[in-house]
Amino acid sequence: MPMRLRLVSYQVTLIMRINEDTLLEGKHVVLVPYNADHVPRYHQWMGCPELQQLTASEPLTLEQEYDMQRSWREDDDKCTFIILDKQRWADPAVQEEQCMVGDVNIFLTDPSDSSLAELEIMIAEPSYRGKGLGKEVTRMMICYGVTKLGIRKFEAKIGLDNKVSIAMFKRFHFHELSVSEVFREVTLGMTVDQAVRTRLLGDMAFMQEREYRKDRDSRQEVTSSHATL
């Protein structure tokens, strides 16, 4: 029995760290792994009371934020991407941190069921809200979760006052599972059946997957060559 538990843990580790060198490019966004270079901008976001309320988060010091980033990269039950503005990111002269607009996470919530995950998305930059980026990122992460992580059931916990996010998830055919008046949040869920797979995964040409380090190094080389001219 102990050996079986270790094997399960090892398999989950492989699954949730599969994105450590993964870049996903969509129509308007690029998703990249959350690394230490992103922390200062992320810390700045999370100092905003509005985002603290929407994400049910407590303010952290910068050092605690770095610890959290390392935890997210090393934990067996989390898969995190930073959302970048694709148009800005396409310009190598713009640093990656300046392209950040939010983040998206998949959490394994049941140790006995690795096919169940919670999906969480945050568009942190106010000027990028209401432009359909959340919808694009949600579709990308559902596709990634199903095809790469073996997720078959998704849940999303959303504050009751966050009507925009609730409506968006319902457009993806999430339905209400429970409501907590104490925590002022609703839990929505979706099971990935054949109809969902056909609807969401039927055309994945909109999303390209590449090696993150190669793209990052390529952008840095172009920037360095311009600087020496």
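1. Two strands are said to pair if DSSP finds at least two bridges between them. The present model is predicted, and by this criterion strand β6 (residues 153-159) pairs with β8 in the antiparallel sense, over seven bridges. Within this pairing, I158 stands opposite V186 of β8.

2. Strand β8 comprises residues 185-191 and is mostly covered, with five of its seven residues buried. Strand β7 (residues 175-180) also runs antiparallel to β8, and five bridges join the two. Here V179 has V186 of β8 as its bridge partner.

3. How many strands does the open sheet contain, and in what order? There are nine, with mixed pairing, arranged as β7-β8-β6-β5-β4-β3-β2-β1-β9. Strands β7 and β9 (208-211) form the edges, each pairing on one side only. On average, neighbouring strands of this sheet are turned by 25 degrees against each other, direction being ignored.

4. Elsewhere in the sheet, strand β1 (residues 22-25) and strand β2 (residues 29-33) run antiparallel and are joined by two bridges. The bridge partner of E25 in β2 is V30.

5. Which strands does helix α7 lie across? Helix α7 (residues 163-171) lies across β5 (116-123), β6 and β8, and runs at about 160 degrees to β6. Of these strands, β6 and β8 are the antiparallel pair described in the opening point.

Note on methods. Residues are numbered from 1 along each chain as its sequence is written. This is a predicted model: local features need pLDDT of at least 70, side-chain atom pairs count only at pLDDT 80 or more; totals for chains, interfaces and linings use all residues. Side-chain values use heavy atoms; hydrogens and water are left out. Buried means under 20% relative accessible area, exposed over 50%, partly exposed in between (1.4 Å probe, protein chains only). Helices (H or I, at least four residues) and strands (E, at least two) are DSSP runs, numbered from the N terminus. Axes are lines fitted to C-alpha atoms, for helices over the stretch in contact, and angles run from 0 to 180 degrees between N-to-C directions. Contact means heavy atoms within 4.5 Å.
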